[in-house]
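Thanks for coming. Please have a look at the model first.

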Amino acid sequence: MAKRTEKKIPNLEDKQNDEKDAVLQQIMKTKPQAAGGDSVEQKLRLLYEMQLVDSAIDDIRTLRGELPNEVKFLEDDIAGLETRIFNIHADIKRAEIEISKHKLEIENSKSMIKKYEEQQKNVRNNREFESLSKGIEFQSLEIELCEKKIREINLTIKDKRNLEETAKIQLDDRKKDLQVKQIELDKIILNTKKEEQVLENKSADYRKVIEPRLLAAYERLRRNARNGLAVVEVKRDACGGCFNKIPPQRQVDIKIGKRLIPCEYCGRILVDWSE
Ligand SMILES: [Zn+2]
């Protein structure tokens with residue numbers, strides 16, 4: 001089984017993902033507490049954490065959606081090879097029938113020759129003898145022609161058998177691959193289902209403590225965003241959702257976190273936890 005050996009080059013994106021993973025790990029260990037009073041920063045924190053949980057659920061669902069494709073490709077391959085083997089086999093059968101027809105023709109010609117030779121012993125004149133000789137000659141040529149055809153067909157059959165053998169080996173390989181993949185897939189589905197359930201429970205915990213008005217805004221943003229992101233961090237002076245630049249004063253306001261500030265372009269809620 002080919003393993004994916006693609007090397008990941010560490011970059012800023014990875015570093016941020018690692019940080020997010022660390023935050024997510026922490027989130028999974030604690031129970032979200034309702035934001036006390038009017039602290040916008042706390043509310044933003046809750047929204048941001050819920051976003052991390054929901055994004056992790058999205059990732060699992062995407063992964064699980066793609067995995068069965070590999071199995072599907074293998075199944076298609078196997079079906080293709082089986083059809084190929086079936087067709088080759090039918091070709092060989094047809095060729096073998098051709099050969100037995102030619103063999104029958106040869107037998108016929110041989111008995112004709114025998115008959116003509118017998119008749120030649122009792123001819124009344126030269127003309128009759130010559131005519132029978134012509135018949136014998138004709139049947140001999142027929143036999144040669146049939147033998148030539150049989151040799152040609154046998155060569156074709158040999159080629160076909162080689163093709164059949166190769167296809168059968170490929171089919172065996174694919175079937176083994178499929179078995180391994182299927183087991184792998186079943187395991188991943190089982191594991192991700194568990195993980196997804198844990199994350200869903202956590203997301204539900206957040207939904208209980210977040211203000212309904214904020215939650216509604218969050219859901220609406222998530223529905224409209226292709227990547228399911230409603231709350232995004234400021235990254236390199238830009239919105240982490242649509243990547244449009246954010247004016248410096250707005251960035252300062254986001255950092256202070258005294259009020260909820262949406263991206264001017266995509267409307268996503270912006271947060272900035274950097275020091
Ligand atoms: Zn934006």
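**Strands, overall form and one loop**

β1 and β3 run parallel and are joined by 3 bridges. Strands here are DSSP runs of E with at least two residues, helices are DSSP runs of H or I with at least four residues, and both are numbered from the N terminus. Two strands pair if DSSP finds at least two bridges between them.

Before I go on, a word on the source. This is a predicted model, where local features need pLDDT of at least 70, side-chain atom pairs count only at pLDDT 80 or more, and totals for chains, interfaces and linings use all residues. Residues are numbered from 1 along each chain as its sequence is written.

Back to the strands. The open sheet has 3 strands in the order β2-β1-β3, and its pairing is mixed. At the edges are β2 and β3 (269-271), each of which pairs on one side only.

Now the whole chain. How many helices and strands does the chain have? There are 5 helices and 3 strands. Read from the N terminus, the elements go α-α-α-α-β-β-α-β. The chain is more spread out than a compact globule, because its radius of gyration is 39 Å, well over the 19 Å that the globule rule gives for 275 residues. That radius is taken over C-alpha atoms, and the rule is 2.2 Å times the number of residues to the power 0.38. Along the principal axes, the C-alpha atoms fill a box of roughly 130 × 35 × 35 Å.

Of the 275 residues in the chain, 15% are buried. Buried means that 20 or more other C-beta atoms lie within 10 Å of the residue's own, exposed means 12 or fewer, and partly exposed is in between, with C-beta atoms placed from the backbone.

Last, the loop. R236 lies between β1 (231-235) and β2 (238-239), and D237 is in the loop between β1 and β2 too. Are these residues buried or exposed? R236 counts as exposed because it has 9 C-beta neighbours inside 10 Å. D237 has 10 such neighbours inside 10 Å, so D237 also counts as exposed.

Then the backbone angles. Most residues other than glycine have a negative phi. R236 is not a glycine, yet its phi is positive, about 45°. D237 is not a glycine either, and has a positive phi of about 65°.
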